[in-house]
Amino acid sequence: MRRLLAAAAALTALTCAGGSTAYAGPVPAGHHVGHVFVIVLENRNFQDAYVDNPNHYLGRDLQRKGTLLTRYYGTGHLSNDNYIAMLSGQAPNPANQSDCQDYVDFQPSPAVFGPNGQAIGTGCVYPANVLTLADQLDAKHLRWRGYMEDMGKDPDREPDRCGAPASSFGTGMQDGTQSATAKDQYAARHNPFVYFHSVIDDNSCTRNVLPLPHLADDLKQLSTTPAFSFITPDLCSDGHDTPCADGRPGGLKSVDAFLRAWVPRIMSSPAFAKDGLLVITSDESESKTSESCCGEQPGPNSPDPGIYPSGGGMGGGRVGALVIGSCVRAGVKDATPYNHYSLLRSLEDVFGISSGGADGKGHLGFAGATGLKSFGRDVFGGCTSAPSTGRRTASGDRVAFSGGGSLAATGGSSAAPPLALLLVLLAIGLVRVVLTRKV
């Protein structure tokens with residue numbers, strides 16, 4: 001009898017382990033996080049945005065809904081190189097470290113790669129053989145989109161699709177979107193998609209990089225919401241300008257107004273309710289510091305990614321990041337060090353990209369650097385336990401027991417596969433039969 005009970009218990013434990021796949025690796029399996037939204041703010045250091053911020057939506061309210069990464073860092077200065085890092089894992093070069101004042105092609109082309117998949121050379125628009133997360137998602141037939149506030153409001157500056165600077169494409173002329181006007185506060189340098197020929201040459205950019213209002217339409221249905229949404233506020237809403245060209249106050253006050261308008265729309269959407277993840281971060285720290293983490297090293301084109309000597313010259317300073325959504329605990333402060341390369345690596349893992357890249361495991365550029373880590377259980381720990389079956393965790397995920405073992409978010413797939421559940425029930429049935437006969 002004891003042997004049968006032990007065998008049944010072992011079978012149940014084994015089945016539960018097989019059925020709960022969400023935490024087999026550092027991040028949940030792709031089907032547990034199916035829709036990711038990234039919002040990038042401008043020039044905010046951690047202390048100002050999350051500790052001393054008098055505007056309570058970002059400074060207080062949103063922090064109660066997710067996990068605050070207190071040691072998250074930018075990867076360089078000024079702005080553009082950070083956006084490039086988030087999308088491709090490419091380190092700064094002299095052109096994008098100066099925000100690509102001239103919209104010129106990267107040379108040489110095609111790119112020649114050094115260690116860690118780094119293109120050797122300088123320039124703004126990378127050759128077609130330098131790939132991005134967008135290319136990886138296309139290869140997996142997963143939809144992506146970029147949503148850019150104010151893009152196309154002044155067609156003389158940029159079109160309303162893709163958003164490459166209209167007056168300087170391929171000419172070497174100065175980028176006309178470097179400063180805001182009362183009519184148009186879009187900045188091309190904050191739209192990473194226009195800096196890769198792999199995205200712009202096949203019209204993928206034109207199809208997928210749209211003005212911000214399209215996000216409201218796409219959020220209405222699960223079927224129209226992309227797997228990956230990259231959201232760029234304009235130069236006022238992102239906190240860059242203070243005051244703004246259109247008369248708004250700018251700074252963190254306008255950041256709060258933007259987030260109050262868009263975060264509730266995202267979080268109330270069918271896609272977010274099913275398996276959504278929201279990441280809010282900043283490109284670089286406003287402070288003239290180059291603090292870094294995670295063993296960040298310079299690429300072949302710039303010895304000092306952070307420009308400023310304070311902090312060691314390697315990074316873009318401590319900016320922090322707030323993560324809300326599927327399997328993410330609420331009201332938690334997490335001091336694990338991460339940076340923009342970590343974010344890219346985490347997204348590649350979430351979407352199940354496991355081949356190619358600089359490391360052969362699906363990680364582009366410095367996202368594949370030795371020792372760099374994806375977001376782990378410290379971030380995706382909200383589904384490991386819950387009060388009871390059918391209740392929602394603090395992050396808003398409906399959870400279900402996986403055969404009495406750990407918990408996995410429902411919506412992407414069942415917590416335990418049918419065969420595993422059948423084996424559990426069979427084991428329980430055998431025990432009951434034996435107990436009945438014994439009585």
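**Close-up 1. Helix H12, whose residues are mostly covered in this predicted model.** Helix H12 spans residues 340-350, and ten of its eleven residues are buried. The buried residues are His 340, Tyr 341, Ser 342, Leu 343, Leu 344, Arg 345, Ser 346, Leu 347, Glu 348 and Val 350. At the start of the helix, Asn 339 places a side-chain oxygen within 3.1 Å of the backbone nitrogen of Tyr 341. After the helix comes Gly 352, which has a positive phi near 70°.

**Close-up 2. The largest cavity and the residues that line it.** The structure holds one cavity of 30 Å³ or more, and the volume of the largest cavity is about 30 Å³. Its lining is made up of Val 38, Met 86, Leu 87, Phe 228, Phe 230, Leu 343 and Leu 347. Two or more lining residues come from each of helix H4 (80-88), strand S6 and helix H12 (340-350). By residue class, the lining divides into seven nonpolar residues, with no polar and no charged ones. Leu 343 and Leu 347, which belong to this lining, are also among the buried residues of H12.

**Close-up 3. The disulfide between Cys 162 and Cys 205.** A search of the whole structure finds four disulfides, and in this one the sulfur atoms of Cys 162 and Cys 205 lie 2.0 Å apart. Cys 162 belongs to the loop between strand S4 (144-148) and helix H7 (197-200), while Cys 205 sits in helix H8 (residues 204-208), so the pair ties together parts that are 43 residues apart in sequence. The link is right-handed, with 95° about the S-S bond, and both Cys 162 and Cys 205 are buried.

**Close-up 4. The disulfide between Cys 236 and Cys 244.** Here the S to S distance is 2.0 Å, and the torsion about the S-S bond is about 80°, so this disulfide is right-handed. Cys 236 has a relative accessible area of 0% and is buried. Cys 244, with 9% relative accessibility, also counts as buried, because the cut-off for that class is under 20%.

**Close-up 5. Asp 246 and its surroundings.** Asp 246 is found in the loop between strand S6 (228-232) and helix H10 (251-267), and with a relative accessible area of 34% this residue is partly exposed. When its neighbours within four places in sequence are left aside, Asp 246 is in contact with Ala 182, Gln 185 and Cys 236. The contact with Gln 185 includes a polar contact of 3.0 Å between the two side chains. Cys 236, another of these partners, is the residue joined by a disulfide to Cys 244. Thr 181 lies 65 residues away from Asp 246 in sequence, yet the C-alpha atoms of the two are 7.2 Å apart in space.

**Close-up 6. The disulfide between Cys 293 and Cys 294.** The sulfur atoms of Cys 293 and Cys 294 are 2.2 Å apart, and the link is left-handed, with -65° about the S-S bond. Which of the two cysteines is buried, and which is partly exposed? Cys 293 is buried, with a relative accessible area of 8%, whereas Cys 294, at 28% relative accessibility, counts as partly exposed.

**Close-up 7. Ser 285 in the loop between strands S7 and S8.** Strand S7 covers residues 276-282 and strand S8 covers residues 321-325, with Ser 285 in the loop between them. Ser 285 has 4% relative accessibility and counts as buried. Its side chain reaches the backbone nitrogen of Ser 287 at 3.2 Å. Apart from neighbours within four places in sequence, Ser 285 is in contact with Asn 43, Arg 44, Asn 45 and His 77, and also with Gly 316, Gly 317, Arg 318 and Val 319.

**Close-up 8. Pro 108 in the loop between helices H5 and H6.** Helix H5 covers residues 94-97 and helix H6 covers residues 133-139, and Pro 108 lies in the loop that runs between them. With a relative accessible area of 36%, Pro 108 is partly exposed. Its contacts, leaving aside neighbours within four places in sequence, are with Ile 120, Gly 121 and Pro 127. Ala 119 is eleven residues from Pro 108 along the chain, and a distance of 8.9 Å separates their C-alpha atoms.

Conventions. Residues are numbered from 1 along each chain as its sequence is written. Side-chain values use heavy atoms; hydrogens and water are left out. A disulfide is a pair of cysteine sulfur atoms within 2.5 Å. Helices (H or I, at least four residues) and strands (E, at least two) are DSSP runs, numbered from the N terminus. Buried means under 20% relative accessible area, exposed over 50%, partly exposed in between (1.4 Å probe, protein chains only). A polar contact is a pair of N or O atoms within 3.5 Å; within protein, one must be able to donate a hydrogen and the other to accept it, and residues adjacent in sequence count only if both atoms are side-chain atoms. Contact means heavy atoms within 4.5 Å. On a 1 Å grid over the protein atoms alone, a cavity is a set of points where a 1.4 Å probe fits but cannot get out, and a pocket is an open set with protein on both sides within 12 Å along at least five of seven lines; lining residues have an atom within 4 Å of a point. Grid points are joined across faces, edges and corners, and a volume is the space filled by probe spheres set on the points. Ala, Val, Leu, Ile, Met, Phe, Trp, Tyr, Cys and Pro count as nonpolar, Asp, Glu, Lys and Arg as charged, and the others, Gly among them, as polar.
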